[in-house]
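Here are a few notes to go with the coordinates, jotted down while going through them. Have a look at the structure first, then at the points below.

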Amino acid sequence: MIALLVAGPTAAYAAPGNDDFTVATVIGEIPYSTTVDTSGATSDPTDPTGCANNGSVWFRYTPTSNTRLRVDTFGSDYDTVLSAWSGEQGSLTQLGCNDDTNGTQSQISFTGTAGTTYYFMVGICCGDGSAGGGSLRFTIDEFQTAANDSFANALPVGALPYSNLQDLATATTEDGEPSSCFTAPHTVWYSYTPTTSGSVMASTNPTDPGIAIYTGSSLSSLSEVACRRQFTYSPVTFQVQAGTTYLFRVGANRASKVTFWLQYPPGPTVDFSFNERAPNSFDTVYFWASAKDPAGKEIDSYTWDFGDGTTSTTAYASHRFTSDGDYTVQLTARTVDGRAATASRVIAVRTHDVSIVRMTVPSTTRVGQTVGVTVNVQNTRYEETVEVRLHRSGPSGYQYLGEVTQLVPMKEQGKTTPFSFTYTVTPDDQAAERSPSWRWPSLSRTGTRSWQTTS
């Protein structure tokens, strides 16, 4: 007969001495720390579920006085899940469950009562019923909590702006603490009673903790005013009433140092752009508003003042300035809670009226003859530097022949400035002249802006 032996997942490892609840390692004094090889740890059918009992091992501790307990698995070489329990096997009450407070290691903090036995189960992330483990580092210690760890000891906020740094590693939650839009194992409390009504802004650094704001005189009577979930990153801006006390609960999953800020929110950041950088009195100028509130509120309204007595209330506006001048255009953006800011720019409107009024050319020419071409430019508004370009028009398009640049002063209507060119007539010109498609050279001129004219 041939027998086939199949080893189970723990056959190569011995189960640790504290593999089951009934043989939990008894902790006599704290601080306490130990390293256990849990590679052969199993999950007992009586282990509680819901907080990863894979490859579970157990510890127990009975404090002799009321104290704050902090338990962690920092230094372990595998992904641990840590839970705390009280009661009897088969009817345990969970006091805490944590995964990944510090990388893949766990931490739980709570208040221990003298004479009560607490049980700690360490499993492998994540699930129930399996075996295995690694090198477990288990530590338990007592610690002093943050001064504002509880609702009753909320830290008063004085004049704004206000900031305060707290180490959430020394913060816990208390029985009856509301969850609002987030739950967290590490929370601290602040209180603020404003002397004037208006908007205030609460934020943290780093930005991942949750912030909940309440009114009320006890944990059981709190009424939520506003709430920011963890990892939301934006500040919380809300309206306060003078004389009303507001309570702030700041919490995070990670035991890290957090700065809490309370301040008056700044105004929105406002800017705008427009399409015409050198508009004239015939142009329609298009404007685009750009506004954002660093306090996280929405922009409620826009108001344009174009500096010529006209206004607009749209985010994207258009306007025509009917006369030349320097106009201070202002955009005011207002948030939903009434904070406003203004951006302004000076727009120079100049209508340039440089024009070619006539071109003088010889009435007859012959091949080889050098002839003069005069372009007369008129300008009545502003002194301009003008460039006139002469082109030869032929069957295949325009051929560049030359250019003249000079200052054209303001002159009365009817007075012009001449631009003189010379040109030698070619056999091709003579051939083209006999064609119906012959045209005299085209002209282009540039100053502040560009034009092109064909004669």
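1. The side chains of Y214 and R249 are joined by a polar contact of 3.2 Å. Keep in mind that this is a predicted model.

2. As for where Y214 sits, look in strand 14, residues 210–215. Y214 counts as buried because its relative accessibility is 2%, and the cut-off for that label is under 20%.

3. Who surrounds Y214? Setting aside residues up to four places away in sequence, Y214 touches P178, S180, W189, L222, S223, E224, V225, T245, Y246, L247 and R249. A295, on the other hand, is 81 residues along in sequence and 19 Å off in space, C-alpha to C-alpha with Y214.

4. Now D44, in the loop between strand 2 (32–37) and strand 3 (57–61). D44 is buried but has no salt bridge, and the nearest side chain of opposite charge, R60, is 15 Å away. What D44 does have is a side-chain polar contact with the side chain of T46, at 2.5 Å. Beyond its neighbours within four places in sequence, D44 is in contact with D20 and S56.

5. Last, the largest pocket, with a volume of about 500 Å³. Its lining comprises 25 residues, and those closest to the centre are L95, S109, F110, T173 and D175. Strand 6 (91–99) and strand 7 (107–112) each contribute at least two residues to that lining.

Terms used. Residues numbered from 1 in each chain as written. Predicted model: local features only at pLDDT ≥ 70, side-chain atom pairs only at ≥ 80, totals over all residues. Heavy atoms only, no water. Helix = DSSP H or I, 4+ residues; strand = E, 2+ residues; numbered from the N terminus. Buried < 20%, exposed > 50% of the residue type's maximum accessible area, 1.4 Å probe, protein only. Lys, Arg positive; Asp, Glu negative; His and termini not counted. Salt bridge = Lys/Arg side-chain N within 4 Å of Asp/Glu carboxyl O. Polar contact = N/O pair within 3.5 Å; in protein donor to acceptor, adjacent residues only side chain to side chain. Contact = heavy atoms within 4.5 Å. 1 Å grid on protein atoms, 1.4 Å probe; cavity = no way out; pocket = protein on both sides within 12 Å on 5 of 7 lines; lining within 4 Å. Points joined across faces, edges and corners; volume = space filled by probe spheres on them.
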